[in-house]
Amino acid sequence: MKFSNRAAFVTPSMATRWTAYSQALLQKNFPEFRRTVVFDSGKWDALYFVPYCSNSDTQYTILVDEDCFVFDRAQVLQLLDYMDQHQDVALFGSPDGGTF
């Protein structure tokens with residue numbers, strides 16, 4: 001499958017069961033967007049996933065914690081459209097453990 005260059009998801013993970021649930025929803029709702037799970041090496045660094053985000057060749061990189069569950073495809077696409085129209089907006093996010 002050819003992935004869209006509009007957005008990609010990056011998920012920092014500590015290898016919990018929530019990662020599988022979160023990724024299944026992303027795969028179901030956004031099959032055209034690339035997904036990358038970055039597993040913590042055991043020496044926690046709050047920014048260990050940043051190189052994976054900055055190396056993305058997509059227009060947007062969406063950081064989704066392993067315990068964030070994205071059910072609403074339309075809401076995420078609406079946010080991306082908003083960012084397209086408002087170049088002064090650099091990022092958006094959800095609260096920890098968020099659900100869309």
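A nonpolar core here is a set of buried Ala, Val, Leu, Ile, Met, Phe, Trp, Tyr and Cys residues joined through side-chain atoms within 4.5 Å. Keep that in mind as you click around; what you have open is a predicted model.

**Stop one: the main core.** Select Phe 9, Phe 30, Phe 33, Ile 62, Val 64, Val 70 and Leu 80. These are the residues with the most contacts inside the largest nonpolar core, which has 14 residues. Now colour by element of secondary structure: β1, β3 (60-63) and α3 (73-85) each give two or more residues to this core. The largest share comes from α3, with four residues.

**Stop two: Leu 80.** Zoom in on Leu 80 and show what surrounds it. Setting aside neighbours within four places in sequence, Leu 80 is in contact with Arg 6, Ala 7, Phe 33, Tyr 60, Ile 62 and Phe 92.

**Stop three: the other core.** Next, pick Val 10, Val 38, Tyr 48 and Phe 49. They are among the five residues of another core, which lies apart from the largest one.

**Stop four: Asn 29.** Head over to helix α1, where you'll find Asn 29. Is this residue buried or exposed? Asn 29 counts as buried because its relative accessibility is 12%, and the cut-off for buried is under 20%. Beyond its neighbours within four places in sequence, Asn 29 is in contact with Val 70, Phe 71 and Arg 73.

**Last stop: Ala 15.** Finally, jump to the loop between β1 (7-13) and α1 (17-29), and select Ala 15. Check its backbone: phi is positive, about 60 degrees, although Ala 15 is not a glycine. Ala 15 is also exposed, at 57% relative accessible area.

Technical notes
Residues are numbered from 1 along each chain as its sequence is written. This is a predicted model: local features need pLDDT of at least 70, side-chain atom pairs count only at pLDDT 80 or more; totals for chains, interfaces and linings use all residues. Side-chain values use heavy atoms; hydrogens and water are left out. Buried means under 20% relative accessible area, exposed over 50%, partly exposed in between (1.4 Å probe, protein chains only). Contact means heavy atoms within 4.5 Å.
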